[in-house]
Amino acid sequence: MTESHASSTSAEPGEPGTASGLSVLDHPGFPGPAAGPAEEQADPAGAGDGRPAAAGEPAGADGRSTPTAGLQDRLAGRLSDFTSLHEHTERLARARGLDATVDALLASGTALLGASRALLVTAAPGGGPGRPTGHGLDRASLGSLETVPADQSPVARLLRERDRPDQLECRDLAHDPAIGARLRELAASLGLGGCYGLPLATEEDGPLAAALWFYDEPAAPTERQRELAHRYCEVAAPLLAKQLDAEKVRRTTEALRRGLLPDRLPQPAGLRLAARLVAAGLDHSAGSDWYDAIPLPDGTVGLTVGSVSGDGPGAGPGSAPGAAAAMGRVRAALRAYAVLEGEDPVSVLGDLELLLKTTEPTRSATAVYAWVEPEDRRVTLAGAGHCPPVLVTRHGAEFVETSLSAPLGMLSCWEAPGVEFTAERGDTLVLYTEGLARRCGPTLHAGQANLRRAAADAPRDVRIDPDRLCAHLLAVCPDPAAGAATDDLMLLAARFE
């Protein structure tokens, strides 16, 4: 595989332009590289040079070539290149999120180079290859390509901090003696012919990713294709840098957010617990949900789910980070109240109401808290503006109707009666937040009904496993459009053994 550290954007033979290849983007109205006027001054009629018309070149009445017509053809080709490049960069600029940006980058590069498959590997935080993404390559092929040793890997060469090549090219990966044995072997087994690679880097960030495009047969891109690919990657690199930064912030934020929730659930005798959380991005979310299972000193368990809204009713996504921090404080306070008076859910939520109004006056919260005696399967619970839990039994599923009440922090004083019942062995109590219900139907009421029906219709082997039941209930809800989720999805299931 050959590598180049010099610009590969030279003009094609016989075309106007310089070795830098900047004429690719020259508009036909720009006089810079167009040699037509000089040619016309020297031979305005297209005659007198004694040169016959070249094959495919328009000729004048006397059979001699017409340079102006040839120039127009070349300029038309340049305009076509410019239009194609513009369309691909516009498509890239419209991409939302890192995955969409990488997909657009690989697909456009494949089209510009006339290739068939592609691979992009982002740089790992400590340097070297990181996350691979393929275009036309399945998961098994990506895994195989990751086994290429670093000293043979074109990806590693394109990600070097120093002496990074401007391009890599190999016309026949399977038979080039300069290619390492492992890469030649994979090229033969995967049907990879020629390969062309470019680094994606910026002056501020250094190497961001390495992109490789593959041909099915031994082949190499033309000079014009190379030039277009280089120009495209120059535009793509800063856009990719922004998406990588945004993804890093998102992952860090989500890690901190999840750190406010239990890292594991207790498994007390007689009770099996499972939970699921699908967090909405903080740039879209209007609140933050919690779940918790609290082992109490007397051997009982407190179960709770809830949601904290932003800076008061009607708060929008801009208040979501503050709501996430408030959620952590509210959950910590609820744990303390549960230890102090866990067997009385009304008192627990009443204390939480007082704390919220005193320390978080611009926020509100919905919550349900259940005190559970695993040995006797006795449950006492209360809710504050929250969706009713679902009790899944051998006969189906039914709501545990809590008294209708306002969310915490909405009224001058919150109070609602608790509900007490005894579960059967094998029953599963499911607590969930409003975001899941709203995802499951056009209205909150319809979503709750659909969720209950999905629990009732679940196969028996799913109903008896709280972890699988949580996964099943999430699966019945349609996925939102990319980046459109505005509510967390939260489930906490407790099965009585």
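Over how many bridges do strand E15 (residues 428-432) and E16 pair in the antiparallel sense? Select both strands: E15 and E16 pair over five bridges, where helices (H or I, at least four residues) and strands (E, at least two) are DSSP runs numbered from the N terminus, and two strands pair if DSSP finds at least two bridges between them. What is on screen is a predicted model, in which local features need pLDDT of at least 70 and side-chain atom pairs count only at pLDDT 80 or more, while totals for chains, interfaces and linings use all residues. Residues are numbered from 1 along each chain as its sequence is written, and side-chain values use heavy atoms, with hydrogens and water left out.

Stay with E16 and display its side chains. In strand E16 (residues 489-496), eight of the eight residues are buried, so the strand is largely enclosed by the rest of the structure; buried means under 20% relative accessible area, exposed over 50%, and partly exposed in between (1.4 Å probe, protein chains only). Leu489, Leu491, Ala493 and Arg495 lie on one side, with Met490, Leu492, Ala494 and Phe496 on the other. The bridge partner of threonine 428 is arginine 495.

Next, select the open sheet of five strands, ordered E8-E9-E10-E11-E14 with antiparallel pairing. Strand E8 (287-295) and strand E14 (419-422) stand at the edges with a single partner strand each, so one side of each is left without a neighbour in the sheet. Within this sheet, strand E9 (residues 301-309) and strand E10 (residues 365-373) pair over eight bridges, and threonine 304 stands opposite tyrosine 369 in E10.

From E10, move to the loop between E10 and E11, where arginine 377 lies. Phi of arginine 377 is near 60 degrees, a positive value in a residue other than glycine, and arginine 377 is buried, with a relative accessible area of 17%.

Finish at helix H13 (residues 466-475), where Pro466, Leu469, Cys470, Leu473 and Leu474 are buried. Seen down the axis of H13, these buried residues fall within an arc of 135 degrees, so they line one face of the helix; the arc is that of the directions from the helix axis to the C-beta atoms.
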